Amino acid sequence: MTPENIDRIAKKFGTPFYAFYVDEFISNYKELKNAYTEIYDNFEIAYSYKTNYMPACCKEVLKLGGYSEVVSDMEYHMAKRYGFEPSKIIVNGPGKWNGIEEMASDGAVIMVDNKYELDRVIAAAEGLDKDVTIGFRLNIDIGTKKNSRFGFDVLSPETSIAIDHARESRNIKIIGLHFHLGGSRSIEAWKARAEKMTMYADTLLRDGERKIIDLGSGMFGHVAAPLAAQFGQDIPSFSQYAEVVAGVFREKYGDLPPSSRPLLIVEPGSTIIANTMMYAVSVIGIKTVRGRNIAMTDGSVHQMGEMGKKKQLPAHVIKKGKDSVSVMSADITGYTCLEDDIMYRALPEEVSFGDIIYFENCGAYTNVMKPPFIQTGCRIVSCRYDGTMALVKRGDTVDDYLASYEEEI
Ligand SMILES: Cc1ncc(COP(=O)(O)O)c(C=O)c1O
């Protein structure tokens with residue numbers, strides 16, 4: 001995203017706003033898809049809604065022929081509304097509980113997390129006159145010392161008991177396995193996940209049940225150098241992930257007839273959207289307090305997602321306030337009344353009243369995770385490589401937020 005485009009959006013719509021670089025999102029999607037399919041052609045992307053469920057990106061995934069990955073009835077209804085066939089919606093996570101009957105009868109791919117969910121799916125299938133497609137989310141050790149709370153513990157006999165129970169149940173069709181572990185982005189962890197999941201597909205499933213092996217996500221996407229330096233580890237490329245992961249699948253299944261090869265699925269969220277959104281704000285005040293320079297803005301770190309709180313997201317200043325007071329090394333602060341609402345600490349640039357500051361890497365867990373705290377959510381403007389732009393979400397209003405409350409009490 002060029003400063004010129006940010007400036008044009010600011011002039012037309014005002015700050016604060018997110019700028020969504022649609023073509024960059026499409027390019028990430030295609031790059032990831034090509035990297036894997038070059039090695040193992042039975043591969044699909046299921047885009048992770050929780051990361052950013054805005055229509056402007058999910059509908060691009062629909063156009064690109066991808067799947068949706070959802071973790072609740074809310075996200076499931078969004079995916080259906082966007083036009084995804086239920087058979088191309090993968091349902092994960094514990095938040096699907098209240099939607100299971102509908103998902104089962106629609107023919108969604110339900111990745112069961114635990115035996116209580118399984119019982120509910122089995123009960124739902126009993127009353128139908130068609131198959132319900134399910135997979136099992138596994139909880140495995142991929143050598144990262146993380147003990148996830150999700151999925152069936154593969155080391156427990158309960159896992160194969162649950163799979164046998166599903167097999168014997170009316171209208172239940174087992175179609176595969178799922179695994180995801182956050183924060184395990186190294187190549188070694190991905191190699192282990194591919195090797196172990198293909199091994200468990202052999203030991204836990206029968207022929208005809210190995211249709212999908214879904215490895216979740218937790219890959220690095222494209223990370224700008226100043227942010228990459230803060231991770232303290234190598235940032236693998238999509239090709240490097242594909243080499244080991246799709247490599248394991250090709251080795252194991254490459255000689256089978258195409259119809260017998262399991263479909264390898266990954267579920268990128270931040271992996272393909274984080275770097276496609278910028279967050280732009282205006283400097284609305286400058287002050288120096290006991291030697292500390294502060295540039296106040298009309299934005300907030302609470303609009304910048306988890307990553308914005310943990311790391312210093314690459315920040316750029318567009319000079320607007322040339323004739324006004326300037327400071328160096330200012331803390332860039334937000335509109336909330338919270339002391340820790342600091343969007344960047346000691347920005348090593350001159351900042352003036354009236355300047356625009358924009359932050360990179362704001363596409364994941366931002367607009368979807370921001371509660372209506374103190375200020376309304378801001379607009380989102382999409383922008384293309386050729387400079388065309390469109391408002392894809394207006395700013396929220398007080399009416400939006402009060403619509404679900406009773407005001408006459
Ligand atoms: C089950 C599942 N799939 C996919 C994702 C998306 O992962 P990422 O944002 O690392 O691409 C998540 C994120 O937590 C997840 O829980």
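The protein chain is divided by the domain assignment into domain 1 (22-268) and domain 2 (275-397), bounds of this kind being taken from an automatic or database domain assignment. This is a predicted model, in which local features need pLDDT of at least 70 and side-chain atom pairs count only at pLDDT 80 or more, while totals for chains, interfaces and linings use all residues. Residues are numbered from 1 along each chain as its sequence is written.

Taken over C-alpha atoms, the centres of domain 1 and domain 2 are separated by 34 Å. Their contact takes 16 residues from domain 1 and 19 residues from domain 2, where two residues are in contact if their C-beta atoms, placed from the backbone, lie within 7 Å. On the side of domain 1 that touches domain 2, the elements that give two or more residues are α2 (22-37) and α9 (225-228), and the largest share, five residues, comes from α2. Such elements are DSSP runs numbered from the N terminus, with helices being H or I of at least four residues and strands E of at least two. By class, this side of domain 1 has eight nonpolar, six polar and two charged residues; here Ala, Val, Leu, Ile, Met, Phe, Trp, Tyr, Cys and Pro count as nonpolar, Asp, Glu, Lys and Arg as charged, and the others, Gly among them, as polar.

The next topic is how pairs of helices pack, and the table sets out their axes and angles. Axes are lines fitted to C-alpha atoms, for helices over the stretch in contact, and angles run from 0 to 180 degrees between N-to-C directions.

| Helix pair | Axes | Angle |
|---|---|---|
| α8 (residues 187-204) and α10 (residues 238-253) | within 9 Å | roughly 20 degrees |
| α6 (residues 115-126) and α7 (residues 157-168) | 11 Å apart | about 5 degrees |
| α2 and α10 | 8 Å apart | about 35 degrees |

Helices α6 and α7 are therefore roughly parallel, a term for angles under 35 degrees, whereas angles over 145 count as roughly antiparallel, 65 to 115 as roughly perpendicular and the rest as oblique. Their contact is made by Lys115, Leu118 and Ile122 of α6 together with Glu158, Ala162 and Ala166 of α7, and by class it has four nonpolar, no polar and two charged residues.

Helices α8 and α10 are likewise roughly parallel to each other, and α8 passes α10 in a right-handed crossing. A crossing is right-handed if the near helix is turned clockwise from the far one by less than a right angle, and left-handed if anticlockwise. The residues that make this contact include Trp190 and Ala194 of α8 and Tyr241 and Val245 of α10, and the contact divides into eight nonpolar, two polar and three charged residues.

Helix α10 also packs against α2, again with a right-handed crossing. There, Glu31, Leu32, Ala35 and Tyr36 in α2 meet Phe238, Ser239, Ala242 and Ala246 in α10.

Around the ligand there are 15 residues, of which His180, Ser217, Gly269, Ser270 and Thr271 come nearest; a residue counts as near a molecule or strand if its C-beta atom, placed from the backbone, lies within 6 Å of it. This shell divides into two nonpolar, 11 polar and two charged residues.

Two details of the backbone remain. A cis peptide bond, with omega about -5 degrees, joins threonine 15 and proline 16, and proline 16 lies in the loop between α1 (3-13) and β1 (17-21). Asparagine 171, although not a glycine, has a positive phi of about 65 degrees, and this asparagine is found in the loop between α7 and β8 (172-178).
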